[in-house]
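Here is a short note on a predicted model, in numbered points. Please read it beside the sequence and the structure.

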Amino acid sequence: MSKIRILMAKPGLDGHDRGVKVMSRALRDAGFEVIYTGLRQTPEAIVATAIQEDVDAIGLSILSGAHATVFPRVLELLKEKGASDISVFGGGVIPEDDIPALYKAGVTRIFTPGTPTDDAVQFINDNIKPKSA
Amino acid sequence: MSNLVERALNGEVIAGARLMRLSDDRREGYQVFMKEIWKKTGNAHIIGITGAPGSGKSTLTDQLITKFRSAGKTVGVVAIDPTSPFTGGAILGDRIRMATHSLDEDVFIRSVGTRGNLGGLSVSTMDIVAIMDAMGKDVVIIETVGVGQDEVEIAMVADTCIVVTVPGLGDDIQAIKAGIFEIADIFVVNKSDRDGAERTSNDLKMMLEITPKRDEWTVEVLKTMAEKGEGVDELVERIHIHENFFKENKLKRRKLNERLVHVAYGAVKEKIVKDIFPPEKIHALIEEGNDPYTTVEILWKNIK
């Protein structure tokens with residue numbers, strides 16, 4: 001039986017992992033397989049992990065203000081490694097004004113503080129399919 | 001040879017990772033790929049690590065990866081965590097403890113959910129190990145889910161089986177019960193700086209003294225503090241000794257065949273359930289008011 005696999009990662013230096021843990025739990029309860037890698041991950045490590053785990057999507061939680069560099073870097077590395085079929089979404093403290101640029105760079109969705117977890121589940125069910133051969 | 005398999009055998013991680021996915025999902029036709037993969041296996045040394053939740057299996061695995069890498073060996077890891085019986089979802093978090101290896105191209109770590117399998121492994125585990133073996137990994141470590149007393153499937157598939165325990169989990173009667181304590185090739189008492197480590201270690205040794213040896217191998221009890229890396233060199237040394245013992249006694253071939261038989265039986269069970277006893281038919285018959293045994297008889301008689 002096919003299952004959607006999602007890597008939940010926390011790049012950068014801040015240690016606020018409540019959000020990513022709540023989201024991981026919500027995605028688990030929605031029936032997805034969530035791979036959680038812990039704090040302070042580099043974009044290179046995130047992409048290497050995503051490829052080994054053959055995930056369908058990567059969710060990045062960023063509260064440090066580094067979103068404008070981290071998201072594009074992850075997308076760039078995925079492309080470099082031939083894995084741009086992995087969807088990248090994210091959440092955290094990200095100003096509304098910065099979101100259009102992230103979408104333009106290829107991020108599929110940004111969830112800002114206060115988003116109900118159901119919205120993220122809905123988004124994944126509507127947009128992400130388990131990969132096949 | 002199919003393209004995907006060829007790419008995986010050439011070391012392409014994306015292709016290997018996809019093959020693992022196809023087996024894990026039991027996707028239509030995955031067996032075609034796996035037939036090709038299994039032909040290329042038999043070279044890796046397969047180490048099983050099992051023990052209670054929180055006993056330090058992942059941290060120990062992390063330490064072992066470091067040691068094997070510094071000895072120049074390539075490493076695969078299959079890390080298994082439980083799947084929710086209610087939602088089918090899972091949080092696979094064993095990698096957290098192995099983060100230092102995420103950029104090492106000679107380390108392939110794969111997280112797997114049990115997806116309803118009860119023996120401590122997923123049904124796909126051995127296929128995933130086989131893919132890593134075929135991709136040329138020298139050592140493949142299987143880290144089981146946190147287990148209780150009876151999840152002994154790992155003993156049927158690993159070359160060297162390490163059972164990890166911690167001080168204070170139970171008295172000496174726990175150690176003489178059947179099950180998990182019988183399968184160890186090496187015992188590890190982790191977190192050995194805690195109170196009662198000596199007692200736990202002695203209880204295990206006492207139990208081993210009255211246990212008949214399997215294949216003339218002496219099971220030793222080692223103490224580690226995985227978080228600080230203490231005792232890990234001794235563990236690696238003991239693994240090497242077991243590996244050599246294994247080869248010299250020609251047990252490797254027997255183990256390899258046992259492994260293939262185990263995988264074959266897994267496939268048999270799946271096929272029988274799918275083709276003869278599909279869950280939806282069982283549900284329907286039970287709902288009609290049949291008892292469990294009549295239900296099975298009705299489906300059995302329907303086989304053409």
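1. In chain A, A:I6 stands opposite A:A57, a residue of β3(A). Strand β1 (residues 5-9) of chain A is joined to strand β3 (residues 57-62) of chain A by four bridges, and the two run parallel. Strands (E, at least two residues) and helices (H or I, at least four) are DSSP runs numbered from the N terminus, and two strands pair if DSSP finds at least two bridges between them.

2. The model is predicted, so local features need pLDDT of at least 70 and side-chain atom pairs pLDDT 80 or more, while totals for chains, interfaces and linings use all residues. Residues are numbered from 1 along each chain, chains are lettered from A and ligands numbered from 1 as written, and side-chain values use heavy atoms, without hydrogens or water.

3. Which order do the strands take in the open sheet of six strands? It reads β5(A)-β4(A)-β3(A)-β1(A)-β2(A)-β3(B), with parallel pairing. The edge strands are β5 (109-111) of chain A and β3 (90-92) of chain B, each pairing on one side only. From one strand to the next, the twist averages 25°.

4. Chain B has an open sheet of seven strands, also with parallel pairing, in the order β4-β2-β5-β1-β6-β7-β8. At its edges stand β4 (107-113) and β8 (220-223) of chain B; each has a single partner strand, so one side of each lacks a neighbour in the sheet. Direction ignored, neighbouring strands here are turned by 20° against each other on average.

5. B:A79 stands opposite B:S111 in β4(B).

6. Helix α11 (residues 279-287) of chain B and helix α12 (residues 292-301) of chain B have axes that come within 10 Å and cross at roughly 125°.

7. The largest pocket holds about 1500 Å³ of space. Its lining counts 39 residues, and the closest to its centre are B:R26, B:Y30, B:V123, B:G266 and B:E270. Two or more lining residues come from each of α3 (30-38), α5 (125-134), α6 (153-157) and α10 (251-275) of chain B. Of these, α10(B) gives the largest share, 13 residues. (A pocket is an open set of points on a 1 Å grid where a 1.4 Å probe fits, with protein on both sides within 12 Å along at least five of seven lines; lining residues have an atom within 4 Å of a point.)

How values were computed. Axes fitted to C-alpha atoms, helices over the stretch in contact; angles between N-to-C directions. Points joined across faces, edges and corners; volume = space filled by probe spheres on them.
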